[in-house]
Amino acid sequence: MKTLLSISLLLIAFVSASQTIYDFKVTDIDGNEFNLASLKGKKVMIVNTASKCGLTPQYEELEKLYKTYKDSNFVIIGFPSNDFMSQEPGSNTEIKEFCSKNYGVSFPMMSKIEVKGKDKHPLYQFLTEKSKNGYSDNAVKWNFQKYLINEEGKLVKVISPSTKPMDEEIISWLRNH
């Protein structure tokens, strides 16, 4: 009986850890459904963003990174969040206008979500819980934390908010096939 229970627990852990970002649908900044399964075969950077943060200028490098590698099966997805010191107070419309006007953001931006706490979005539950992502337990430390997802939809690296988007660690990951 104990062996059967152990096998069952291992199977549950395996099934949970076999989840990918492709299992999620989110809402884009315009209110349309965005199926992450549409990104199969691409490297993806997921980043939580904010318009009134000391790290907000990272939008400029995020856009540069996106423009440089978007034709090499890479996409950045921004998720505005007001979870850190209310640094993203605007509506989706205001956020979209801010990103476009100030940084020329052309990578996909999603609707504002919660990335921590009791109302954490299911995608961020996946990104931050090893039992779901099979990689690591981690907490979103601040705005502009970066999650690197491989071509199979699996989390492979968590990058600190203070690490700039054009950092060699990220560029190396993108160039490594």
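This is a predicted model: local features need pLDDT of at least 70, side-chain atom pairs count only at pLDDT 80 or more; totals for chains, interfaces and linings use all residues.

Me: Which residue forms a salt bridge with Asp30?
Reply: Side chains of opposite charge can pair when their charged atoms come close. For Asp30, the closest N and O atoms of the pair are 2.8 Å apart, within the 4 Å that a salt bridge requires. The partner is Lys96.

Me: How many residues apart are Asp30 and Lys96?
Reply: Asp30 sits in the loop between strand E1 (25-27) and strand E2 (33-35), while Lys96 belongs to helix H3 (residues 92-103).

Me: Are Asp30 and Lys96 buried, partly exposed or exposed?
Reply: Buried would mean under 20% relative accessible area, and exposed over 50%. Asp30 has 47%, and Lys96 has 39%. Since both values fall in between, each residue counts as partly exposed.

Me: What separates Glu63 and Lys67 in helix H2?
Reply: Their side chains meet in a salt bridge, at 3.8 Å from N to O. Both residues are in helix H2 (residues 58-69), four residues apart. Because of that spacing, the separation is about one helical turn.

Me: How many salt bridges does the structure hold?
Reply: Besides the pairs above, Lys132 forms one with Glu129, with the closest N and O atoms 3.6 Å apart. Lys132 is partly exposed at 25%, and Glu129 is partly exposed at 24%. For the structure, the number of salt bridges is five.

Me: Is Thr56 buried or exposed?
Reply: Thr56 is placed in the loop between strand E3 (43-49) and H2. Leaving out residues up to four places away in sequence, Thr56 touches Ala50, Ser51, Phe98, Tyr103 and Phe144. Its relative accessibility is 3%, so Thr56 counts as buried.

Me: What is the distance from the backbone oxygen of Cys53 to a polar atom of the Thr56 side chain?
Reply: The Thr56 side chain has a polar atom 3.5 Å from the backbone oxygen of Ser51. The backbone oxygen of Cys53 also lies by a polar atom of that side chain, and here the distance is 2.9 Å.

Notes. Residues are numbered from 1 along each chain as its sequence is written. Side-chain values use heavy atoms; hydrogens and water are left out. Helices (H or I, at least four residues) and strands (E, at least two) are DSSP runs, numbered from the N terminus. Buried means under 20% relative accessible area, exposed over 50%, partly exposed in between (1.4 Å probe, protein chains only). A polar contact is a pair of N or O atoms within 3.5 Å; within protein, one must be able to donate a hydrogen and the other to accept it, and residues adjacent in sequence count only if both atoms are side-chain atoms. Contact means heavy atoms within 4.5 Å.
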